[in-house]
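Student: Could you walk me through this structure? I have it open and would like to know where to start.

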Amino acid sequence: MGMTEKDFSSFFEGKDEAAAHADILALVSAYCDKYHNTGKDAPYHEGDRIPYASRVYDHEEMVNLVDSALEFWLTSGRYTREFEKEFARYEDVRFANLVNSGSSANLLAFMALTSPLLGDRQVKPGDEVITVAAGFPTTVTPILNYGAVPVFVDVTIPQYNMDVTKLENALSAKTRAVMAAHTLGNPFDLAAVKEFCKKHDLWLIEDNCDALGSRYYIDGAWRLTGSVGDIGTSSFYPPHHMTMGEGGATYTSDPLLQKIMRSIRDWGRDCICESGQDNRCGHRFSGQFGELPFGYDHKYVYSHFGYNLQATDMQAAVGCAQLKKFPSFVEKRKKNWTLLKEALSDAADRIILPEPAENADPSWFGFCMTLADGIDRTSVINYVEDHGVQTRLLFAGNLVKQPCFDSVRGDDSVYRISGDLAGTDRIMTNTFWVGVYPGMTDDRLLYMAKTIKEAVNRQ
């Protein structure tokens with residue numbers, strides 16, 4: 001039987017709020033350890049469903065979540081400030097902004113480049129941004145929605161990243177930025193892209209949503225992906241490297257870009273007060289802004305067309321606990337990827353196995369494979385899925401072939417293709433991937449490899 005109202009009353013009897021709070025969190029910790037072991041100790045039986053990704057957590061995340069709920073601040077607060085500080089420290093950048101999703105992070109990062117505060121470097125409608133079509137659509141959607149023009153270049157196999165030899169041909173007098181993702185944790189050629197951007201005075205946004213923890217050797221030092229360009233973005237959706245349910249982040253070391261992103265994230269306002277804070281600047285009612293009356297309340301002055309992209313403090317609370325575990329997640333992903341590649345090495349004549357980029361130390365999000373010509377992908381993934389292994393395609397395949405492009409297909413005022421997208425099209429038809437998330441065990445990985453080899457050898 002459950003606890004009665006009398007039982008609850010006796011539980012709190014003689015305790016002040018701090019003591020009751022601590023006792024509740026102790027119970028939550030014990031509850032999580034008892035009922036939420038997240039499968040760590042569950043035996044594996046061949047044929048059990050193996051997901052491509054899953055949350056990895058323990059009582060620390062749940063205790064933080066309930067701690068924040070009991071505080072009941074709800075919007076961004078102390079956990080948000082802690083997460084932003086520690087995440088920026090991890091990435092070795094000056095600033096981080098917690099947002100409500102990785103897609104919002106990409107929106108915020110791109111929209112920052114459209115700010116009038118950037119002067120001659122402001123991205124305007126009709127300007128071009130070099131990117132790829134083999135990826136996730138929300139890397140490209142903000143460009144299109146603003147009225148800028150994505151210019152698609154092809155990708156390489158088996159790295160699945162931007163072909164940097166195509167960059168100069170994609171350049172035009174309208175090019176203002178490069179915005180691309182590090183595919184499934186494998187960094188794109190940051191040295192070449194960074195040099196290209198520097199040469200032509202272009203912005204660089206690193207979509208780091210699938211590559212948190214990846215490193216790249218550049219300018220004589222190892223740097224984390226997301227910290228090399230002008231702005232990095234991350235996603236904390238459950239399948240990603242770490243999670244807070246929904247959530248994302250932008251990060252930079254540029255104070256002006258940071259000022260712009262804070263404004264756009266927080267409704268476009270000019271005020272820098274934290275939630276619940278007033279008059280941090282000391283001039284709340286004594287400024288002149290635009291054509292507003294003198295002394296207009298600075299909390300309601302808007303210097304950008306913005307949004308509310310904030311996350312909740314409960315999400316941030318989970319993120320704070322995840323971030324402490326994160327280095328171990330990265331090492332486990334690397335180990336799992338290496339084991340899977342070794343197990344599939346004897347199928348290299350039928351499967352093009354992935355390769356890390358040169359000068360890179362990837363924090364792998366998944367294990368990507370391209371089937372040799374003549375092997376039908378649909379048959380392979382149906383066999384693999386029927387035998388309990390979850391698969392995923394490389395997101396949009398070729399984004400410009402997706403239905404969302406039907407109404408604008410071929411309109412070079414909306415988008416442009418530089419050269420051909422032969423590698424992208426091959427990915428669209430021949431490529432799939434499986435997971436290497438930290439909760440994966442060796443027996444699961446070996447079963448996955450066995451099943452994939454059975455699938456390709458049937459043809």
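Tutor: We can go through the confidence, the sheet, the cores and then a few single residues.

Student: OK, what's the mean pLDDT of the chain?

Tutor: This is a predicted model, and the mean pLDDT of the chain is 95, with 98% of the residues reaching 70 or more.

Student: Which elements have the lowest and the highest mean pLDDT?

Tutor: Helix H1, residues 5-12, has the lowest mean pLDDT among the elements of the chain, at 73, while E5 has the highest, at 99.

Student: Let's look at the sheet. In what order do the strands come?

Tutor: The open sheet is formed by eight strands in the order E1-E9-E8-E5-E4-E2-E3-E13, and the pairing is mixed. At its edges are strand E1 (95-99) and strand E13 (416-417), each of which pairs on one side only.

Student: And how many bridges join E1 to E9?

Tutor: Five bridges join E1 to strand E9, which covers residues 248-252, and the two strands run antiparallel. Within this pairing, Asn97 has Thr250 as its bridge partner in E9, and Val99 has Gly248.

Student: What about E9 with E8?

Tutor: E8 and E9 also pair in the antiparallel sense, over four bridges, and here Gly248 of E9 is the bridge partner of Ser235.

Student: Is E9 enclosed or open to the outside, and why?

Tutor: E9 is largely enclosed by the rest of the structure, because five of its five residues are buried. Gly248, Thr250 and Thr252 point one way from the strand, whereas Ala249 and Tyr251 point the other way.

Student: Which helices lie across E9?

Tutor: Helix H4, residues 78-91, lies across E1, strand E8 (231-235) and E9, and runs at about 130° to E1. Helix H5, residues 102-112, also lies across E9, together with E1, strand E2 (128-132), strand E4 (175-181), strand E5 (203-207) and E8, and runs at about 165° to E8.

Student: Switching topic, how many residues are in the largest nonpolar core?

Tutor: The largest nonpolar core has 33 residues, and Phe367 and Val434 are those with the most contacts inside it. At least two residues of this core come from each of helix H10 (313-344), strand E12 (366-371), helix H11 (377-386), strand E14 (431-435) and helix H13 (442-457). H13 gives the most, with seven residues.

Student: What does Val434 touch?

Tutor: Leaving aside neighbours within four places in sequence, the contacts of Val434 include Leu340, Phe367, Met369, Met448 and Ile452. Apart from this core lies another one of 32 residues, among them Ala53, Ala170, Ala357 and Leu394.

Student: I clicked on Gln322. Is Gln322 buried or exposed?

Tutor: Gln322, which is found in helix H10, counts as buried because its relative accessible area is 2%, under the cut-off of 20%.

Student: How far is Gln322 from Met242?

Tutor: The two residues are 80 residues apart in sequence, and their C-alpha atoms are 6.2 Å apart in space. Gln322 also touches Thr243, among others, and a polar atom of the Gln322 side chain lies 2.9 Å from the backbone nitrogen of Thr243.

Student: And Asn430, where is that?

Tutor: Asn430 is found in helix H12, residues 422-430, and counts as buried at 11% relative accessibility. The Asn430 side chain makes a polar contact of 2.8 Å with the side chain of Thr429. Beyond its neighbours within four places in sequence, Asn430 is in contact with residues including Met369, Asp373 and Arg377.

Student: Last topic: which residues have a positive phi without being glycine?

Tutor: Most residues other than glycine have a negative phi, and most peptide bonds are trans. Here, Asp219 has a phi near 55°, and Asn359 has one of about 65°. Asp219 lies in the loop between strand E6 (215-218) and strand E7 (221-224), and counts as exposed at 74% relative accessibility. Asn359 lies in the loop between strand E10 (351-352) and strand E11 (360-361), and is partly exposed at 38%.

Student: Where is there a cis peptide bond?

Tutor: A cis peptide bond joins Ile157 and Pro158, with omega about 20°, and Pro158 lies in the loop between strand E3 (149-153) and helix H7 (167-170).

How values were computed:
Residues numbered from 1 in each chain as written. Heavy atoms only, no water. Buried < 20%, exposed > 50% of the residue type's maximum accessible area, 1.4 Å probe, protein only. Polar contact = N/O pair within 3.5 Å; in protein donor to acceptor, adjacent residues only side chain to side chain. Contact = heavy atoms within 4.5 Å. Pairing = 2+ DSSP bridges. Axes fitted to C-alpha atoms, helices over the stretch in contact; angles between N-to-C directions. pLDDT = per-residue confidence, 0-100. Core = buried A, V, L, I, M, F, W, Y, C linked by side-chain atoms within 4.5 Å.
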